Amino acid sequence: MRILVVEDETLVLFTLEAELTRAGFQVVMASDPASARARLDEEGAQLDGLIVDLNLSAEETGFDVARHARAVNPAMAVIYISGNDRSQWEAQGVEDSVFFAKPVLSSVVADALKARMT
């Protein structure tokens, strides 16, 4: 199972990568919306899931990245992680997605992703 993790906080990005790799996922990483879009355009059809932070840049949010991901691959599982409250997700999140408030254990995210992909 291949997933894309999009997170602008380096420590969080590498923590998620380590935990998800241990959980059996093949992880592709991006630290900003532009590189996330490039990854999605190149290999989105081969990606099973997306874990994305909401606050990525002033120009583009995790919601924008997730909408692009679903345009490329409508079956992609989407998990949002953010320090923001969930009301934004309820209003703007893609259908059939999950939201976790930071801080969240990487193992919890991995379990949620596995549940979405089965």
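Rings of Phe, Tyr and Trp (its six-membered ring) are taken as a pair if their centres lie within 6.5 Å, and planes under 30 degrees apart count as stacked, over 60 as edge-to-face and the rest as tilted. The structure is a predicted model, in which local features need pLDDT of at least 70 and side-chain atom pairs count only at pLDDT 80 or more, whereas totals for chains, interfaces and linings use all residues. Residues are numbered from 1 along each chain as its sequence is written, and side-chain values use heavy atoms, with hydrogens and water left out.

A search of the whole structure for aromatic pairs finds two. In one of them, the rings of phenylalanine 63 and tyrosine 80 have centres 5.2 Å apart and planes at 55°, so this pair is tilted. Because phenylalanine 63 lies in helix 3 (residues 62-72) and tyrosine 80 in strand 4, the pair ties together parts that are 17 residues apart in sequence. Helices (H or I, at least four residues) and strands (E, at least two) are here DSSP runs, numbered from the N terminus.

Five strands form an open sheet in the order 2-1-3-4-5, and their pairing is parallel; two strands are said to pair if DSSP finds at least two bridges between them. Strands of a sheet pair through backbone hydrogen bonds, either parallel or antiparallel. The edges of this sheet are strand 2 (26-30) and strand 5 (98-101), each of which pairs on one side only. On average, neighbouring strands are turned by 20° against each other, direction ignored. Strand 4 (residues 77-82) is joined to strand 5 in the parallel sense over four bridges, and serine 82 has alanine 101, in strand 5, as its bridge partner.

Helix 5 (residues 106-116) packs on the sheet, where it touches strand 1 (2-6), strand 3 (49-53), strand 4 and strand 5, and its direction makes about 155° with that of strand 4. Contact means heavy atoms within 4.5 Å, while axes are lines fitted to C-alpha atoms, for helices over the stretch in contact, and angles run from 0 to 180 degrees between N-to-C directions.

Helix 5 also packs with helix 1 (residues 10-22), at an angle of about 55° and with the axes 9 Å apart, which means that helix 1 is oblique to helix 5. Angles under 35 degrees count as roughly parallel, over 145 as roughly antiparallel, 65 to 115 as roughly perpendicular and the rest as oblique. In this contact, Thr15, Leu16, Glu19 and Leu20 of helix 1 meet Ser106, Ser107, Val109 and Ala110 of helix 5; the residues divide into four nonpolar, three polar and one charged. Ala, Val, Leu, Ile, Met, Phe, Trp, Tyr, Cys and Pro count as nonpolar, Asp, Glu, Lys and Arg as charged, and the others, Gly among them, as polar.

The axes of helix 2 (residues 33-43) and helix 3 come within 10 Å and cross at roughly 5°, so helix 2 is roughly parallel to helix 3. Here Pro33, Ala36, Arg37, Leu40 and Asp41 of helix 2 meet Asp64, Val65, His68, Ala69 and Val72 of helix 3, and the residues of the contact divide into six nonpolar, one polar and three charged.

A cis peptide bond, with omega about 0°, joins lysine 102 and proline 103, and proline 103 is found in the loop between strand 5 and helix 5. Aspartate 96, in the loop between helix 4 (87-92) and strand 5, has a positive phi of about 60° although it is not a glycine.
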